[in-house]
Amino acid sequence: MKQENVIHVENLTKKFGDFTAVNAITFDVEKGEIFGFLGANGAGKTTAMKMLIGISNPTSGKANVAGFDVFTNAEAIKKSIGYMSQKFALYDDLTVKENITFFGGIYGLTRKQINEKRCQLVEELGLQEITNELVGSLPLGWKQKISFSVALLHNPKIVFLDEPTGGVDPITRRQFWEMIYKAAHQGTTIFVTTHYMDEAEYCDRVSIMVNGKIEALDTPKKLKEQFKVKNMNDVFLKLARG
Amino acid sequence: MKRFIGFVKKEFYHIFRDKRSLFILFGMPIAQIMLFGFAITNEINNVDIAILDHSKDATTKEIITKISASKYFSINQFIEKESDIEVVFKKGKVKAILNFEKDFTKNLITKKHSNIQVITDATDPNTANTISNYVNAILQNYLKEQNKNTTSAYQIVPQTRMVYNPELKSVYMFVPGVMTMILMLVSAMMTSISITREKELGTMEILLVSPLKPFQVIIGKVFPYIFLSIINAIVIILLSIFIFKMPVQGSLLLLGLESVLFIITSLALGILISTISATQQTAMMISLMGLMLPVILLSGFIFPISSMPVPMQVISNIIPAKWFIIIIKGIMLKGVGLQYIWKETLILLGMTVFFIGLSVKKYKIRLE
């Protein structure tokens, strides 16, 4: 059976005046895949991601996300994707329960659906004790997990994660990746940017961006073979140093 | 619609859980109106004066009694010599001294003319002016009574009548101004801060990635403030009616509608500010410097526009608060209807449309 592509990008380019932030990138992401989108700071990954989630207009090229064109149908894309940014997406002065209700609401879930989802979430993450606590009082690891679950509330086809694990301890990162695997297993496509090269190893495929271009794209295993190194960290260093 | 209600509910959580914004929203209006109503006033009441009476005869005694009987003055002390004048003023409590010349009654009878010197402490020029006017009025009054029986050749008696504020209460002047200031503060500053807060926290990005349209986000954010501003306007009007006994002569409905219009003008300004500032701090500074100062200085709230230099008068035209103050003064004090203030209303409406248009344009640019 042929795999279905949920993201299809061809020569996608973004220019800010004379500066080309994203330079004709081309790639496909398959359904249910964990796609690692790597690059140094300023390499253009956030800009590229912003074009895919419909909050930044591309200068030229083609991009199709979840079956919709980013130029003409950005609004439809928004309904089929989830997004979690590096700054946490939850409101600190709202309780866990209120956050879930709010985000469920803006994605158009009914009250009944929201309640079901919430109960399920509380169960899975063991949130019984803290549903009525303000999010601001929770440790970072918890915020992240809840944030990720909130991004999945409306069963999006694709979840975009922009450096989701910045600043948390290795154990929490591990748990977080378990959640990512679980979501991917259930058919959600994961598009994730990260700085941690050990996380890159967890991805099905990774792309590495350098100065606005994708310089490498393959499974972590093949990339390591191609560059004749032992781990992703060395692959990254070889590419980034050029 | 359900999304909208959910959004507004979230906004109210933000507002009611933040003590600082709660204080600005509800503490400020009441504090301001009380401050302006009670503390800051142009009226004089029980001003301490001193008397230097060189004659101590029947007429001077009568005049002194008359003055001390009025509610405006109370006699603090009698002094005996000219050199005490300086001493008394320097102590600061006495604001005016009446100096009756020697042989007051005798001069009055023989020369048909005698002098009282009114010396006022003009460190506060407004008060000094008011005091000397009041003293004059009392003396005129006294003279008129005395002359009732004698037939003098002819007399011109000015009959001054202060319309719309017969008792010259300063609260009549402050209420419209304070109301304008509060509505501006709550609507413009609070909304611009709350929008930039979402930007700062990164939640704005999440909202923009959601299926909510940008204008839905903005309307959802400003709606609670429309509601709270209306409550504030009502509180201010009630306070002024029941505590300061300031009448609302015109239609309450018209006053309400005009207030809503001004609230929307301010919200549009708030949105505009939020589109040009990246942080809450910037939004607050721009609101304070760019909105509050002009409201206080250039809108005619405290300083009359007609006595400003011409360039300032020209600038004052672009300040929405100026027009709103004219409108609500008209409605509250003069009881005018729309036929007298349609021009000001139209100007305000035009400004609102302009600000909304501009912020919609700016907002889109920011999304690119």
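Chain B has an average pLDDT of 86, and 96% of its residues score at least 70, where pLDDT is the predictor's confidence in each residue on a scale from 0 to 100. The structure is a predicted model, in which local features need pLDDT of at least 70 and side-chain atom pairs count only at pLDDT 80 or more, whereas totals for chains, interfaces and linings use all residues. Residues are numbered from 1 along each chain as its sequence is written, and chains are lettered from A and ligands numbered from 1 in the order in which they are written. The scores of the model are ipTM 0.86 and pTM 0.80.

Chain A contains 9 helices and 10 strands; helices (H or I, at least four residues) and strands (E, at least two) are DSSP runs, numbered from the N terminus. The radius of gyration of chain A, 18 Å, agrees with the value near 18 Å that a compact globule of 242 residues would have. This radius is taken over C-alpha atoms, and the globule rule is 2.2 Å times the number of residues to the power 0.38. Along the principal axes, the C-alpha atoms of chain A fill a box of roughly 50 × 40 × 40 Å.

One open sheet of chain A has 6 strands in the order S6-S7-S8-S3-S9-S10, with mixed pairing; two strands pair if DSSP finds at least two bridges between them. Strand S6 (81–84) and strand S10 (213–218) of chain A form the edges, each pairing on one side only. On average, neighbouring strands of this sheet are turned by 15° against each other, direction ignored. Within the sheet, strand S3 (residues 34–39) and strand S8 (residues 189–194) of chain A run parallel and are joined by 5 bridges. Gly36(A) has Val192(A) as its bridge partner in S8(A).

Axes are lines fitted to C-alpha atoms, for helices over the stretch in contact, and angles run from 0 to 180 degrees between N-to-C directions. Helix H9 (residues 232–241) of chain A runs at about 25° to S9(A) and lies across S3, S9 and S10 of chain A.

Strand S1 (residues 5–16) of chain A pairs with S2(A) over 8 bridges in the antiparallel sense, and Asn5(A) has Glu30(A) as its bridge partner in S2(A).

In chain B, the axes of helix H7 (residues 171–201) and helix H10 (residues 252–276) come within 8 Å and cross at roughly 30°. The residues of the contact of H7(B) with H10(B) divide into 11 nonpolar, 8 polar and no charged. Here Ala, Val, Leu, Ile, Met, Phe, Trp, Tyr, Cys and Pro count as nonpolar, Asp, Glu, Lys and Arg as charged, and the others, Gly among them, as polar.

The contact between the chains takes 20 residues from chain A and 21 residues from chain B. On the side of chain A that touches chain B, helix H2 (74–80) and helix H3 (96–106) of chain A are the elements that give two or more residues. H3(A) gives the most, with 4 residues. The residues of this side of chain A divide into 9 nonpolar, 5 polar and 6 charged.

Conventions:
Two residues are in contact if their C-beta atoms, placed from the backbone, lie within 7 Å.
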